[in-house]
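My entries follow the display.

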Amino acid sequence: MSTHVETQPAVQPNLYKTLFATCVGNALEWFDIAVYAFFASYIAHVFFPTADPSVSLLLTFGSFGISFLIRPLGAVVLGAYADRHGRKKALLVSITLMMIGGLMIAVMPGYETLGVAAPLLILLARLIQGFSAGGEFGSSTAFLVEHFPQRRAFIASWQFATQGASTLMAAAFGLGLTTWLSEAQIQDWGWRIPFFFGLLIGPVGLYIRRHVHEPASFVAQKKVESPLKMLGGQQKTLLLLAMGLMVISTGVNYMLNYVPTYATKNLHLSGSVAFGATLLAGVILTVVTPLMGLWAEKVGRVRIMWWALGLLGVTIWPAFMLVVNHTSPTTLMLLVGWMALLKSAYFAAVPSMMADLFPVQTRASGMAIAYNLAVTIFGGFAPLICTLLISLTGTALAPSYYLVALALISAVALFNSQRRTGR
């Protein structure tokens, strides 16, 4: 069976308008995620107070991770909606829900005022954001590569460049607030400032998304009644491959979000040093990722991905060893900068590689589900997993073990994806 999508006159898409329309939602999603992770210790004090600060932090990261459990549901619902009724409509829904969740966190009174309702409402806000984020990546990446198939490696790389820009903005807020405000001021009200800033992005993105057109290839393609049934039947292997490609990428991403907590709690460095390192990561991700996308168009995506994976697998443990044994602002900067550089090289090619695995009829659903399963399992819980691993092993090297394991999983997926696509 097929389902009808309203046809539109063919319109030559504007590259910059299309990029902004799709990437602004991605930027808002990752800005709120990064801010929540960066200010976890302050949020823990406000909404999850306990006698033991470590327990408060675990509860905060637990709520951070639990909110990712709903992302696959958002991927299923919004991804199928995008495949059946249009990428544009799905993108409008997702950015609206993101704004609602961000507003709730920004204005929510703390535990002292609302009692147990405060952490429950914060969790609800994170669930709303998680649901909306679940459909964002698949719809927006499909929208980009279908508008500009001849430039898919470069244009899709901007999906992750905007994640770097979001990390950059969030880290800039962290660095600025820890520099200009006292610890008490940040705890009382300062941590809310970046959440209010994030709310300014939403209305602009909503307006732009209302004035873009569906990709011509999507409009011309016959739609299937149930893209989910097709994915669950004929395309299960494609889902697993796409998910595997994302594993190391999302793991490194959430390790970068975890750096402020890791640096202050485990390495005993100052908050300004920790946020400065993350600021460096944001600059590298924002600048290098689209450059790697351009390079991938010239030398091939797979070659760059293999080099990045190999270097990460071989060097990540020695890099953590250097930081743990010779802790200083310089060694932390080197570790974070190296992770961000390798992530940029690998990450740039992943969206277009995932898009090529799926046909148009199931592309948004397939990418959304694969992406969000990877993010939920291997990314959203990465801070919690690393915190637990450090507790269980008694060594600050534990996060490196986690990243090496993820690199091996992605290497297997890349090898099989390469065989599948014939590239």
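How many cavities of 30 Å³ or more does the count come to? I recorded two cavities of 30 Å³ or more. The model is predicted, local features need pLDDT of at least 70, side-chain atom pairs count only at pLDDT 80 or more, and totals for chains, interfaces and linings use all residues. Residues are numbered from 1 along each chain as its sequence is written, and side-chain values use heavy atoms, with hydrogens and water left out.

Terms. On a 1 Å grid over the protein atoms alone, a cavity is a set of points where a 1.4 Å probe fits but cannot get out; a pocket is an open set with protein on both sides within 12 Å along at least five of seven lines; lining residues have an atom within 4 Å of a point. A volume is the space filled by probe spheres set on the points, which are joined across faces, edges and corners.

Largest cavity. I noted a volume of about 90 Å³. Its lining includes L28, E29, D32, R71, R126 and Q129.

Second largest cavity. The volume is about 50 Å³. I248, S249, V252, A308, L309, L312, L342, K343 and Y346 line this cavity.

Largest pocket. I found a volume of about 410 Å³ for the largest pocket. Of its 25 lining residues, S41, Y42, E183, T264 and K265 are the closest to the centre.
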